[in-house]
Amino acid sequence: MTATKTFTPQQRIPATYMRGGTSKGVFFRLDDLPTVAQQPGPARDTLLMRVIGSPDPYGKQIDGMGCATSSTSKTVIISRSTRPNHDVDYLFGQVSIDQPFVDWSGNCGNLSAAVGPFAIQAGLIDPARIPENGLCEVRIWQANISKTIVAHVPITHGQVQETGDFELDGVTFPAAEIAVAFMDPAADDDPEASGGALFPTGNVQDRLEVPDVGSFDVTMINAGIPTIFLHADALGYTGTELQDAINSDPAALARFETIRAHGAVKMGLIKHLDEAKTRQHTPKIAFVAPAQSYTASSGKAIAASDIDLVVRALSMGKLHHAMMGTAAVAIAAAAVIPGTLVNQAAGGKQRDSVVFGHPSGTLRVGSVAEQNGDDWEVKQVTMSRSARILMEGWVRVPV
């Protein structure tokens, strides 16, 4: 007699698959999650990992919604905000591809552009606030880093306008432009809350000693996301490298990770180097160089005269195909502050915006900063992105 085999049924969870900027992820309303996953903890993390298809020792996420890159292994949870002068709370989870954890330590700047459209489409915004035609301002509380983001979402005939002629390097098709403002993006002084002050060491430049690797001039800034900037030439690069030049070199990736871990300790984000293994999302590591001409990954020619500097950044251990939105915030903040490596690479002059070259093309970001004595305050960073719903309905996950 054959024994009866048991099986685990699947549960259906309402979800929306969205592109935001140069990233995409699975969006959930908090109330739609299973009760056990509506609170932070292992049950939530396990659910989100299974949705995305992690951990996957093959590194492909075939059995989930992820696409095996840091730009696509992402989850978002949205709820109505109880915070005054805010519409929604936005929580971002960066899902590790091959390891069993979700990193909640930072924001995704690209997916921030999709939060406003999602909130409107999901009925989380008062209909009286939505114009028949024009822009709907959505005030977002970014719960990972306790910061405010303001998105200006285009509305046509009472509906979110997703198509348009706005072109974003790193995204194949044009779409409607969404202006996003990151308000007061520098970290607070409470290191437990968000990683320390704007410059965690108190310096716009430091010398970072990395045993068995080298000694590097760095700017370590915490605006948008904690980021470590280095000179490209100190690493043996020009700053115009594309993904394959870095990602096909295991020794280079290991060196970047070692530098990142030591920088994280110096920034006060972790106490021990081993902690960097489960904090892959933050800090970011990037390298900069003066403006120069190069050919982007799409074949587009980028002229040195059209940019102020070149920047390459790594996310989750790999060179990003374009630029993380949060790292763009850090670039914008550092560019307007004299003495940082970013400001120096951009020519060292006073500015309120910067155009930088990345592997997929270029991006303009604006920044408003004020100096109070020896300290700097970044009031706002702005950039334009786009967003679009790719699919909506339910994801299915084994119970």
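Modeller: This is a predicted model. Its largest pocket holds about 650 Å³ of space.

Colleague: How many residues line the largest pocket, and which lie nearest its centre?

Modeller: The lining has 26 residues. Nearest the centre are Asp98, Gln280, Met316, Gly317 and Lys318.

Colleague: Which element gives the most to that lining?

Modeller: That is α5, with 3 residues. At least two residues each come from α4 (243-247), α5 (250-266) and β17 (318-319).

Colleague: And what is the lining of the largest pocket like by class?

Modeller: It has 13 polar, 8 nonpolar and 5 charged residues.

Colleague: OK, cavities now. How many of 30 Å³ or more turn up in the whole structure?

Modeller: The search finds 5.

Colleague: What volume does the largest cavity have?

Modeller: About 70 Å³.

Colleague: Which residues lie nearest the centre of the largest cavity?

Modeller: Lys74, Cys108, Ser315, His320 and Met324 do, out of 16 residues that line the cavity.

Colleague: Which elements give two or more residues there?

Modeller: Two or more residues of the lining of the largest cavity come from α2 (109-121), and likewise from α6 (325-335).

Methods. Residues numbered from 1 in each chain as written. Predicted model: local features only at pLDDT ≥ 70, side-chain atom pairs only at ≥ 80, totals over all residues. Heavy atoms only, no water. 1 Å grid on protein atoms, 1.4 Å probe; cavity = no way out; pocket = protein on both sides within 12 Å on 5 of 7 lines; lining within 4 Å. Points joined across faces, edges and corners; volume = space filled by probe spheres on them. Helix = DSSP H or I, 4+ residues; strand = E, 2+ residues; numbered from the N terminus. Nonpolar A, V, L, I, M, F, W, Y, C, P; charged D, E, K, R; others polar.
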